[in-house]
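Please open the model in your viewer and keep the selection tool at hand. We will go from stop to stop, with a word on what to select at each one.

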Amino acid sequence: MTQLLCKPEKREIASGVTIVHEVKNEVSPLQYVELKIIELAPGAKYTEILNDKECCIVALKGTINVKDQKNTFTKLGTRKSVFDKIPTDSVYISNQQRLEVEGVKPARVALCYSPTEKVLPTKLIKAEENEVENRGSRNNQRLVHNILPDSNSAAHRLLVVEVYTESGNWSSYPPHKHDQDNLPEESLLEETYYHEINPPQGFVFQRVYTDDRSLDETMTVENGDVVLVPEGYHPVGVPEGYTSYYLNVMAGPNRIWKFHNDPNHEWILER
Ligand SMILES: O=C(O)C[C@@H](O)[C@H](O)C(=O)CO
């Protein structure tokens, strides 16, 4: 069984630059999505050459400067914690570029990648450009910040979204999947979940399962964990007393989010 639950590792690669997660295609069941979560001290710089990958840099918390070969964006980031529950700033940078992310105030940053040969312009996605959505009813309510949805054509493959689920609620629910390249019915998108929980000693449950149950894992997810979703339905349940945050990165052959609900549970939408 492939390991779908990834624990934070906290590896300092240079003074003030800490890798918290590094999900690479070579060592994961994913082909289209890669993810890094890094922490930067003030003045510390993370650099990388994006050979054949596009990247969306999300200022999860703190303040950062971002550069590519032509552009410089300063003082990005709007939050002391993701649980400020306000949208944040992000930057889309295409392949072949050299990126630099510098910490201004202590920062946690997500670097969301997908392989591509298409070269596109760099794009600043300001906090106020996020589409904010309240989804669901009853115990299925969640707050969504659409950073890079399929309606925004800035990226070739990447889709990026933040989701808040309050105590006692469920999200990515009723369970849905997007693992068949069968448009217009369903799109094939792999996905990663980077989770944070408030207060941090909390936990949530995430199940990843297919119709035939050849994959069926229910994970206890703690603050800072990443869950990989190569295929299957992927609902999240949040225990009483805790608030869940997650950052989703999705990518696949077509940049369209067309999901298929588990027919056994779709009835909850019709009440
Ligand atoms: O609506 C939600 O609960 C969030 C999910 O849609 C989440 O972004 C996802 O599963 C994407 O496929």
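A residue is called buried under 20% relative accessible area, exposed over 50% and partly exposed in between, with a 1.4 Å probe and protein chains only. Before we start, note that this is a predicted model, in which local features need pLDDT of at least 70, side-chain atom pairs count only at pLDDT 80 or more, and totals for chains, interfaces and linings use all residues. Residues are numbered from 1 along each chain as its sequence is written, and side-chain values use heavy atoms, with hydrogens and water left out.

Stop 1: Select Trp-170, which counts as partly exposed because its relative accessibility is 38%. Rings of Phe, Tyr and Trp (its six-membered ring) pair if their centres lie within 6.5 Å; planes under 30 degrees apart are stacked, over 60 edge-to-face, and the rest tilted. The structure holds eight such aromatic pairs. Now select Phe-83 and Tyr-245: with ring centres 6.4 Å apart and planes at 75°, the pair is edge-to-face. This pair links distant parts of the chain, 162 residues apart: Phe-83 is in the loop between β7 (72–76) and β8 (90–93), and Tyr-245 is in strand β23 (residues 243–251). Strands (E, at least two residues) are DSSP runs, numbered from the N terminus. Both Phe-83 and Tyr-245 are buried. Back at Trp-170 and Tyr-173, the ring centres are 5.2 Å apart and the planes at 40°, so that pair is tilted.

**Stop 2: the ligand.** Which residues come nearest to the ligand? Of the 15 around it, they are Arg-135, Arg-142, Ser-172, His-178 and Asn-248; a residue counts as near if one of its heavy atoms lies within 4 Å. Select Arg-135 and find a polar side-chain atom 2.6 Å from an oxygen atom of the ligand. For Arg-142, a side-chain N or O atom is 2.7 Å from a ligand oxygen, and for His-176 the distance is 2.9 Å. Taken alone the ligand exposes 320 Å², and the protein buries 99% of that (Shrake-Rupley method, 1.4 Å probe).

**Stop 3: Asn-261.** Select Asn-261 in strand β24 (residues 260–261). Is Asn-261 buried or exposed? At 11% relative accessibility, Asn-261 counts as buried. Leaving aside neighbours within four places in sequence, its contacts (heavy atoms within 4.5 Å) include His-176, Tyr-233 and Leu-269.

Methods:
Helix = DSSP H or I, 4+ residues; strand = E, 2+ residues; numbered from the N terminus. Polar contact = N/O pair within 3.5 Å; in protein donor to acceptor, adjacent residues only side chain to side chain.
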